[in-house]
Structure formats: C-alpha cells, structure tokens
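Colleague: I am new to this structure, and I would like to learn how to read it step by step. Could you take me through it slowly?

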Amino acid sequence: MQSNEVRSDISDHEDHPGTSGIWTFVFIDMVVFFLFFLVYISERLRLPDIFSVSQRQLDPLTGLASALFLLTSSWCMVEAVHATRRNAERAAALYLNLALLLGAFFAGNKLIEYSDKIAHGLSPVSNGFFTFYFLITGLHFIHVIGGMVFMGHCRMRLSTELASKNFRKKMENVGLFWHFVDVLWLFIFPMLYLAGTK
Amino acid sequence: MEEGAKKAIERGLAWCGPLFVVSIIYTWGIMGHNIPPPNMMAMTPDQLISEYYGKYPEIGAGMILSATFGLFYTIWSCLLASLMRDEHGNVGALSFIELAGGILTGWLFAFCSAMWAACSILTGQVSPEIIKMVHTMTWFIFDCTYMITTIQMCALALYTILNKKQTMFPAWAGWVSAAIGIGFVPLIFMPFVTDGPFMVAGLWNFWIIFTGWIFAFFGVYNFYVLKHVYKSTADQAVAAGRLATV
Amino acid sequence: MLKSQTKPSTIWLILMALSLFSTFVAEGSKHALYAICAIFIIAALKGDLVIIHYMEVRHAAPHWRFIYRSWLGVMVVLLIAGHVIG
C-alpha cells in the first residue's frame, strides 16, 4: 500500500447504500454464522436421533410467526429508508415505528418460546440439539435487540437529522443490518424447526 | 536513541510475532501433543496418564520451551500497543487494553505451559488423580480466561475500524479480530461437556477458534505490522494517521 | 424476472408466500429428501430476494453482490448436504 493512499472504506460512493464498513461487518457476521451452522451440521451427523427427536419439540408455527414478523419488519425498514431519501418525515417515522413494533413482536414471541422450553425442563445443557437451539437463536436474538436499539436511535434522531446525508447513511446502515438479521432467520427457521423432523 | 537503532529494535520486535507462531505450533502443539488436546473431561486419571502424559514423554520438554516462547506474544503485543496512537501521536485507552490483553495472554501461555510441564515431568511420581487435577485446572485457566484475549482483540478492532486516519491496518482485519474475539465466548461451555463441538478439543472450541486466532487474527496483524515497520519514518507517521506538524 | 425496482410490497408478498409454502412442504411431505431440498432452496431464494431488493446489493460496490450471493449458495450446499448425508 502506498503511504499516501487513503482507506477505500472511508471514501464512499454517493450512490452506494450505507457505508462500506457495514457491508464488511455483515459479511464477517455471515462467516461466523456459517461456522456455527457447520458445527451444528457436524453435531447433527454425530447424533442424528437426539437431534430428530429434540427438533420435534419445537413448534414450526412459532418459527413461522417469527419469520413473518421479521420479513414484515424488513419491508417496513425498506419503506423507512425510502422515505428518508425523500425527506418524508411522517412516512419515515411511521415505518420506523412499525419496524420496531414488529421487531418487538419477534422478541416477545422468542421470549415466550424460551420460557415454554425452560418450563418443560429444556435448557442449553439438556442435550446437543438444545445447546445449539439456545446458542444460535440466542445469538440471533442479540442481533435482533441490537438492531432494534439502532432503529430506536434513528427514530429518536429522525426529526432533527432527517435532512443530513449522515442520517441517510445511518438509516441505510441500520436497514442493511436489519435485513441481514432477517436473512439469518430465513436459514435458522428451516434448519431448526422444519428440516429432519421426520 | 539513534534512528537506526530504533528501527532495528522495532523490526526485531515485529519478528517476535512470527517467531511466536512457529515456536508455539512446534513446542506447545506438536511436542505437547495438543493438536488436538486430550479430552480430559471424558478421561479417567489413569487414561490421562496412559493415553497422554505416559505415552508422550516429550510433552514435558515441549511445555518448558513453550513457557519461554509464550512471552514472545507479549513482546509483539507491546509493539502493537506502541503503534496504536491517535492523530496527535498519543496512546489512549484502547492501546492500554490491547497491551493488558497481550501481556496477560503471553503470561497465560507461559504459566499454563509450565503447569502442564509439571504434570508431564511428575508422571509416575505422583498419583494420576493429582496429575488430572492439575492438568484440568490448568486447562480451565487457559480456556476460561478467554476474556483476556477477547479484550485485546476487541480493543484492536475498535482502533482499526474507528481511527479513519490510519492506514496501517485495513478495516476488514478489525472486523475479523472482533469476530474471533467474540467467538471465544462458547469456551464457557468447555468445563461442562465431554463431547461435541464445545469440548476442549471440539470443532468450535479448539479447531475453529484456535485456528482463527492464530491465523486470521494474529497472522493477519503480523503481516501488516511487519509491512509497517519496514516503512520509512515519514511514511510510518502518515500510515499511523499522524497530523502533519509542519 | 423481478426488476430491481420491483415494489417492496410485491417482494414482501412473495416472501410471505414462500414462507408459508416451505412450512407446508415440511409438514405435509412424505418424501423427506425432497422436502429438505425444497425448504433450503426456498430459504436461499428468499435470502436472494432480500439481498437484491431490500439490501439493494446491486447498488453496492460490485464485489458484494458476488460475495453475498455466494454465501447463500454455500449455506444451501452445507444444509442440504448435511441433512442428506445424515
């Protein structure tokens, strides 16, 4: 690298959504989750009966509801970002609120599911499957909470910062992260709740 | 200190990084038969002796050597901390956290290696139960104090990503560093499992995080540190994001 | 095929439909192998829709589209292979 070069990740193209850092971060996160999925599969191959029997204790409709909440929340976030680009404050506020609300529904659904499992004596140390169930959904849950915190921050700053380019980039970054959280669930849901239960 | 001497020392310290990697792989990993380590939580004391310490007497020598080379990690971490300055040339909290993590990680390597050397050398002289106790306790210390290295990696990650003026380290290396640092967290499961990916020799808790730590974090930053210390003083200041004083 | 300016609401409807369909396939299918392939391929298709239309990866730096879609492909291969072998 030449000594007078600037870092390419800080000279962002005007038209690229978000800043390059978020794309890098999301990719690294993708790799980490891929590794978790790899380890899950290796464990599933080692203990197929335990995994199949344990998976049947999950309710696919609960997983489906979570997927629908997140997909709809993602849609609202897209609309919020578009509204931000148009400087449409009321629309941006409405869609951000909806995205947050649906995120809260996801979180609530997850907490109810966790409580139910624990009430039935299931925990991360029950068996190999439930270690992964709690670990993978727990990590994802942390991402959901993080996303909601960022969305909440944007909602609070909306009226004062809407017109600035920095805010638009911030919204796009938060949107990108939120969509990634959604994409993760699109794989977690079938892997844990649907596949291999027969 | 003369400029030439300063540069020579800096470059010598930078080469401590690769020296650590090569020496630890050989002494701790190969001589110490830790690729992978024995699954102590699933072994009886007699099995630990018959299948590990008793079977491989070279473990003692490997661990004594590993105790020496472990501190090269600390040396390298000190150099790294000295590079983590702001645009005014000042070190800050992130530099200190990186330094603290590097010192403690190096110490951990040295201390734990010495403990495992004792297990090896005293095999046959003390009961297998005592050997297993010391061996296991040492692994708990080695693995479950992962936060030592996590804080180092996260502090370095924050510096790399947030200091937009520096070009020593690319942002992606910072993200990778943070990811690996956080990836250590499942080590909390290690003491409680006897098989699967989170056991001491498991796919996640050994293969993925140790390989990630030594190659994707340490190897990557070694590369960029070496590149940096071979630059001219003026180029180094620019790469570090130092504000021009003239 | 869907254009990059396809309305987000249209994409949402497709995503909803695919989600319901894959749950139906998983629950109702007698052929486990086909069901597994279907649900993971559908997951990747949904992921692709989100990446292209919601994340707007076409407007990002060019390598991200390849990298992100490659990740989808690798995930599908891992998950199908892992379930078929077992």
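This is a predicted model: local features need pLDDT of at least 70, side-chain atom pairs count only at pLDDT 80 or more; totals for chains, interfaces and linings use all residues.

Colleague: How many helices and strands does chain A have?

Modeller: Helices (H or I, at least four residues) and strands (E, at least two) are DSSP runs, numbered from the N terminus. Chain A has 6 helices and 0 strands, and its C-alpha atoms fill a box of roughly 55 × 45 × 25 Å along the principal axes. Buried residues (20 or more other C-beta atoms within 10 Å of their own, with C-beta atoms placed from the backbone) make up 45% of the 198 residues in chain A.

Colleague: Which chains have the most contacts between them?

Modeller: Two residues are in contact if their C-beta atoms, placed from the backbone, lie within 7 Å. Among the 2 pairs of chains that touch, the most contacts are between chains A and C, with 36 residues taken from chain A and 36 residues from chain C. On the side of chain A that touches chain C, α1 (20-46), α3 (60-85) and α6 (165-194) of chain A each supply at least two residues.

Colleague: And what does chain B touch?

Modeller: The contact between chains B and A takes 19 residues from chain B and 18 residues from chain A. On the chain B side, α8(B) gives the largest share, 6 residues. Chain B and chain C, by contrast, do not touch, and their nearest C-alpha atoms are 13 Å apart.

Colleague: How do the axes of α3 and α5 of chain B cross?

Modeller: Axes are lines fitted to C-alpha atoms, for helices over the stretch in contact, and angles run from 0 to 180 degrees between N-to-C directions. The axes of α3 (residues 58-69) and α5 (residues 93-121) of chain B come within 8 Å and cross at roughly 160°, which makes α3(B) roughly antiparallel to α5(B) (angles over 145 degrees count as such). Their contact includes B:Met63 and B:Ile64 of α3(B) and B:Phe109 and B:Trp116 of α5(B).

Conventions. Residues are numbered from 1 along each chain as its sequence is written. Chains are lettered from A and ligands numbered from 1 in the order in which they are written. A residue is buried if 20 or more other C-beta atoms lie within 10 Å of its own, exposed if 12 or fewer, and partly exposed in between; C-beta atoms are placed from the backbone. Angles under 35 degrees count as roughly parallel, over 145 as roughly antiparallel, 65 to 115 as roughly perpendicular and the rest as oblique.
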